[in-house]
Amino acid sequence: MPQPSTRRDFLARLAAGSAALLAGATTASCAPAESPPPPGRRKLGIALVGLGHYSTDLLAPALRETRLCRLAGIVSGSPAKAERWMRLYGIPKANVYDYATMDRIADNPDIDIIYVVTPHGLHAEHTIRAAKAGKHVICEKPMALNVADCDAMILACREAKVKLQIGYRLHYHAGHQELTRIARDRDLGLPLTMDGANGFRAGSKGWRMTQKLAGGGPLMDMGVYVVQAACCIAGAAPVAVTAKEDPKARPELFDECEETLRWTMEFAEGSSGTFMTSFNEGVGYFRATGPQGDVELSPAYSYRGVRGRTHRGALTIPNINQQAAQMDAFAANILDDTPVIVPGEMGRRDMQIITAIYEAARTGRRVEVSHTTI
Ligand code: NAD
């Protein structure tokens with residue numbers, strides 16, 4: 001049975017801790033010690049753009065554990081919030097920007113990477129400005145609101161000769177790496193039958209339910225993880241999708257987007273799956289069954305406590321800090337000039353799939369997924 005996601009409970013505890021730290025921050029000395037870099041390595045400076053939940057509760061704490069990068073700067077529209085962060089993390093005033101001044105990061109050698117953690121509808125603008133400032137960029141998921149914006153982001157980074165990583169933290173985590181290994185070794189045989197779901201119950205209306213800032217609803221925010229898991233184990237993007245929205249239980253919250261969406265994906269080698277995403281239900285699992293065995297992750301997408309099993313038994317999944325692993329991997333890509341394993345092209349591919357799913361939901365038809373490349 002799928003297990004309810006524990007993400008929200010975990011987040012509530014984490015948020016309470018971080019909020020207490022930020023509220024009580026009076027001097028830089030209250031900042032916990034950073035991890036030292038490995039011998040012969042230097043740490044790259046990261047500036048976080050958007051100091052909301054994910055930056056506050058996950059990324060800033062993770063930057064205490066990173067070995068190859070450190071929190072060097074911030075971009076915030078709130079002077080009071082920026083002041084608190086400066087005190088808590090010992091960030092110098094010269095490394096504090098707002099949305100009007102962030103282009104000046106171009107002149108700041110202390111900042112190597114700009115991490116875009118704003119609402120989805122702002123990812124394209126902030127990523128392009130970061131690239132034009134000559135900085136490497138991490139952009140949170142989903143990459144943008146549409147494929148055209150993804151194209152502009154990729155081209156801006158290519159032109160500026162900077163690297164671009166999309167914030168799919170699960171690629172750096174043993175549970176989802178097992179899905180990729182299964183695909184590579186064809187461990188379960190083919191075809192695969194998959195199912196998966198990811199969602200939480202939203203309490204009130206926020207930007208995540210608006211077209212302008214989110215570009216959709218739970219599919220953009222939570223369903224994208226399920227799309228990712230399925231593409232990992234299939235080793236490819238789907239060729240076609242169908243989709244249907246459930247009747248809305250709380251139409252007052254979901255007047256601009258779906259509340260719960262169910263969709264299918266067909267893959268070229270005959271694999272297929274049925275999937276669900278919701279802002280009305282706490283859920284988070286992924287399963288695949290083939291002629292030679294099966295795999296299940298449940299909970300599958302949480303920050304901590306991902307568990308899994310295959311037909312051979314329980315998977316050993318270390319409880320690492322996924323965000324620290326993701327940021328350190330990107331820093332290593334920059335320092336060693338190696339390819340990013342979650343590049344903009346992957347975020348763009350997911351946007352092609354999501355676009356097809358929304359079209360299928362709107363028209364009721366089976367929709368072929370566009371596979372153009374840039
Ligand atoms: P949030 O609402 O808590 O924070 C958003 C931040 O953006 C706030 O500081 C807000 O002030 C700022 N902002 C700037 N311009 C804004 C505008 N015009 N409207 C609204 N806010 C504006 O959201 P969050 O949960 O921190 O999510 C931010 C990004 O991080 C999203 O892209 C989200 O998908 C992503 N995220 C990723 C994960 C993950 O596991 N990878 C988890 C949570 C969030």
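Before I start: I call a residue buried when its relative accessible area is under 20%. I am also keeping in mind that this is a predicted model.

**Entry 1: Lys-141**

I looked up Lys-141 and found it in the loop between S5 and H5. Is Lys-141 buried or exposed? Its relative accessibility is 9%, so I put it down as buried. I then asked which residues Lys-141 touches, leaving out those up to four places away in sequence. My list has His-120, His-123, Ile-166, Gly-167, Tyr-168, Met-220, Asp-221, Val-224 and Tyr-225.

**Entry 2: the parallel sheet**

Next I traced the sheet that includes S5. I read 6 strands in the order S3-S2-S1-S4-S5-S6, in an open sheet with parallel pairing. At the edges I found S3 (96-97) and S6 (164-166), each of which pairs on one side only. I picked out S1 (residues 44-49) and S2 (residues 69-75), which run parallel and are joined by 6 bridges. There I noted Ala-47, whose bridge partner in S2 is Gly-73.

Which strands does helix H2 touch? I see H2 (residues 53-62) packing on the sheet against S1, S2 and S4 (113-116), and its direction makes about 165 degrees with that of S1. I also followed H9 (residues 322-336), which lies across S1, S2, S4, S5 (136-139) and S6. I have H9 running at about 155 degrees to S5.

**Entry 3: H4 against H5**

I turned to H4 (residues 120-132) and H5 (residues 147-160), whose axes are 9 Å apart at an angle of about 10 degrees. That angle is why I call H4 roughly parallel to H5. On the H4 side I listed His-123, Ala-124, Thr-127, Ile-128 and Ala-131. They meet Asp-149, Ala-152, Met-153, Ala-156, Cys-157 and Ala-160 in H5. By class, I count 8 nonpolar, 2 polar and 1 charged residue in this contact. His-123 was already in my notes as one of the residues that Lys-141 touches.

**Entry 4: the mixed sheet**

I then traced the other sheet, an open one of 9 strands with mixed pairing. Its order is S14-S13-S12-S11-S7-S10-S9-S8-S15.

H10 (residues 344-363) lies across S8 (240-245), S9 and S15, at about 50 degrees to S8.

**Entry 5: H8 against H10**

Last, I checked how these two helices meet. I have their axes 10 Å apart at about 110 degrees, and H8 and H10 are therefore roughly perpendicular. H8 passes H10 in a right-handed crossing. From H8, I wrote down Leu-219, Met-220, Val-224, Val-227, Gln-228 and Cys-231. From H10, I wrote down Met-346, Arg-349, Asp-350, Met-351, Ile-353, Ile-354, Ile-357 and Tyr-358. The classes come to 11 nonpolar, 1 polar and 2 charged residues. Met-220 and Val-224 bring me back to Lys-141, which touches them too.

Terms used
Residues are numbered from 1 along each chain as its sequence is written. This is a predicted model: local features need pLDDT of at least 70, side-chain atom pairs count only at pLDDT 80 or more; totals for chains, interfaces and linings use all residues. Side-chain values use heavy atoms; hydrogens and water are left out. Two strands pair if DSSP finds at least two bridges between them. Helices (H or I, at least four residues) and strands (E, at least two) are DSSP runs, numbered from the N terminus. Contact means heavy atoms within 4.5 Å. Axes are lines fitted to C-alpha atoms, for helices over the stretch in contact, and angles run from 0 to 180 degrees between N-to-C directions. Angles under 35 degrees count as roughly parallel, over 145 as roughly antiparallel, 65 to 115 as roughly perpendicular and the rest as oblique. Ala, Val, Leu, Ile, Met, Phe, Trp, Tyr, Cys and Pro count as nonpolar, Asp, Glu, Lys and Arg as charged, and the others, Gly among them, as polar. A crossing is left-handed if the near helix is turned anticlockwise from the far one by less than a right angle, and right-handed if clockwise. Buried means under 20% relative accessible area, exposed over 50%, partly exposed in between (1.4 Å probe, protein chains only).
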